[in-house]
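Hi,

Here is the structure I promised to pass on.

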Amino acid sequence: MTDMTEQSCQRPALSGKVALVTGASRGIGYGIAEALIARGDRVVITGRNEDALKEAAERLGADRVLAVAGKAHDEAHQADAVERAMQTFGRVDYLVNNAGTNPVFGPIADLDLNVARKVYETNVISALGFAQRTWHAWQKDNGGAIVNIASIAGVSASPFLGAYGMSKAAMVNLSLQLAHEFAPVVRVNSIAPAVIKTKFASALFENREEEAAAGYPMGRLGVPEDIGGAAAFLLSDAAGWITGQTLVVDGGLFLNAGV
């Protein structure tokens, strides 16, 4: 059995960079945090469920992870997460806005407007709030990068997921606005995934994964690691001349759009 000393020796050296990833107790957010830690970054993760968040931090490595529980749309939580990141690590180089919700399925003609407001509050306004806070706390004077997790639902029609799709389209435009305003010191991009095998998206493939994957030229649905790798690239010097872009990560799904 590998002891803790051997495990520590196998871990990458610290990069000196710090990331804040929202909605990271599981799924895409966890996959992104995992990718960043694997290259040596330290990471602040947020999520609503404190127990799940603590478990995620332990799996990722408590010596390199700070867990801050709270609801993404809560401004007090936003402030607390950024302040604790600065107190603990002294910097916030990268922000990943991944927290999101999709509480409704059905035509937008019958959409409860209060539900629509809730979706926008969690999916869009919270992302703007976190971006404002990391900008003022560190990035405007020291640089960095932001990745907003959008969706292919935000760059195409998304039947029965209209509120979610509209909010993700807003995330794409938020990325453009921030990229323009924060240049040249902070780069801002978004990622638009197709269906990723997470609990959040399980209703789209559960008990019918083979059927759901049939439309993907790559022959499978996405996994969190696919988005983790894409985010790690956009949050790296290798992407130093990329800003204001939306990277579609869809296993080739859009290749079949006209078929």
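Predicted model: local features only at pLDDT ≥ 70, side-chain atom pairs only at ≥ 80, totals over all residues.

Residues are numbered from 1 along each chain as its sequence is written, and side-chain values use heavy atoms, with hydrogens and water left out.

**Salt bridges**

Side chains of opposite charge can pair when their charged atoms come close. I call it a salt bridge when a side-chain nitrogen of Lys or Arg lies within 4 Å of a carboxyl oxygen of Asp or Glu. With that rule, the model has five salt bridges. Here are some of them, along with how accessible each partner is. For that, buried means under 20% relative accessible area, exposed means over 50%, and partly exposed is in between (1.4 Å probe, protein chains only).

- Arg91 pairs with Asp93, with 2.8 Å between the closest N and O atoms. Arg91 is partly exposed at 23%, while Asp93 is buried at 3%.
- Asp226 pairs with Arg220, and here the closest N and O atoms are 2.9 Å apart. Asp226 is partly exposed at 26%, and Arg220 is partly exposed at 42%.
- Asp41 pairs with Arg39, at 2.9 Å from N to O. Arg39 is partly exposed, with a relative accessible area of 27%.

**Asp41**

Where does Asp41 sit in the chain? You'll find Asp41 in the loop between helix H2 (27-38) and strand S2 (42-47). Helices (H or I, at least four residues) and strands (E, at least two) are DSSP runs, numbered from the N terminus. Asp41 is buried, at a relative accessible area of 1%. Leaving aside residues up to four places away in sequence, Asp41 touches Ser15, Lys17, Leu36 and Tyr94; a contact here means heavy atoms within 4.5 Å.

**Ala230**

The other residue to look up is Ala230, which belongs to helix H8 (residues 224-234). Is Ala230 buried or exposed? Ala230 is buried, with 10% relative accessible area. Again not counting residues up to four places away in sequence, Ala230 touches Ile191, Leu247 and Val249. Val44 is 186 residues from Ala230 along the chain, and their C-alpha atoms are separated by 19 Å.

Cheers
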